[in-house]
Amino acid sequence: MTAGRDTLTDPQISTVSESASSDMELARARLERQISRSFDGNVLLLCKQCRSTVAALRFCTGSSRHFNPSGYLFHIGEFSRAAGVKAVGEACSADSWFQGCAWRIAICRQCQTQLGWRYESAATSDSGTFWGLIWNRLLKARRPDS
Ligand SMILES: [Zn+2]
């Protein structure tokens, strides 16, 4: 909508409607607002397979997409804490999505389904250690009021 300028009261509306990419930006900003709102709530992530609690959304520090060597796309959330998963196997530094981090497979403590990876920084401090959990293997749930 570019016409009807006189009826617009919010100057931002006329700028964002000028191109489709601005609309995309707007949609993305809206999505990010929704996500950040849920961070302060009691949103939990459950294993899709067995419904046990894997992590709290407030420990999510980022989200990213990566292709594995076979060309399969994974959309993962990065978590500083995830009590419901455990790392198994040897640490491997080949094909890591995070520079300087070796990875181990992370499985659900309850049903052993792979839910992602644990990334371990080669640096001595453990601040570089985090979990990368595959979004579509998780379910969102609201913690019941306690
Ligand atoms: Zn499970």
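This is a predicted model: local features need pLDDT of at least 70, side-chain atom pairs count only at pLDDT 80 or more; totals for chains, interfaces and linings use all residues.
View 1. Leucine 44 is placed opposite alanine 56 of β2. Between the two strands of this hairpin lie 5 residues. Arginine 51 adopts a positive phi near 65° in this hairpin.

**View 2. An open sheet of 6 strands.** The strand order is β3-β4-β8-β7-β6-β5, with antiparallel pairing. The edges are taken by β3 (60–67) and β5 (85–92); each has a single partner strand, so one side of each lacks a neighbour in the sheet. On average, neighbouring strands of this sheet are turned by 30° against each other, direction ignored.

**View 3. Pairing of β7 with β8.** These two strands run antiparallel, with 4 bridges between them. Glycine 116 stands opposite leucine 133, a residue of β8.

**View 4. The largest nonpolar core.** This core comprises 22 residues. Those with the most contacts inside the core are Val54, Phe79, Ala82, Val85, Leu115, Trp131 and Leu133. Two or more residues each come from β1 (43–47), β2 (53–56), β4 (73–79), β6 (101–108), β7 (114–121) and β8 (130–134). The strand that gives the most is β6, with 5 residues.

**View 5. Surroundings of tryptophan 131.** Leaving aside residues up to four places away in sequence, tryptophan 131 touches Phe79, Ala82, Val85, Ala106, Gly116 and Arg118. Phe79, Ala82 and Val85 are, like Trp131, among the residues with the most contacts inside the largest nonpolar core.

Key
Residues are numbered from 1 along each chain as its sequence is written. A nonpolar core is a set of buried Ala, Val, Leu, Ile, Met, Phe, Trp, Tyr and Cys residues joined through C-beta atoms within 7 Å. A residue is buried if 20 or more other C-beta atoms lie within 10 Å of its own, exposed if 12 or fewer, and partly exposed in between; C-beta atoms are placed from the backbone. Two residues are in contact if their C-beta atoms, placed from the backbone, lie within 7 Å. Two strands pair if DSSP finds at least two bridges between them. Axes are lines fitted to C-alpha atoms, for helices over the stretch in contact, and angles run from 0 to 180 degrees between N-to-C directions.
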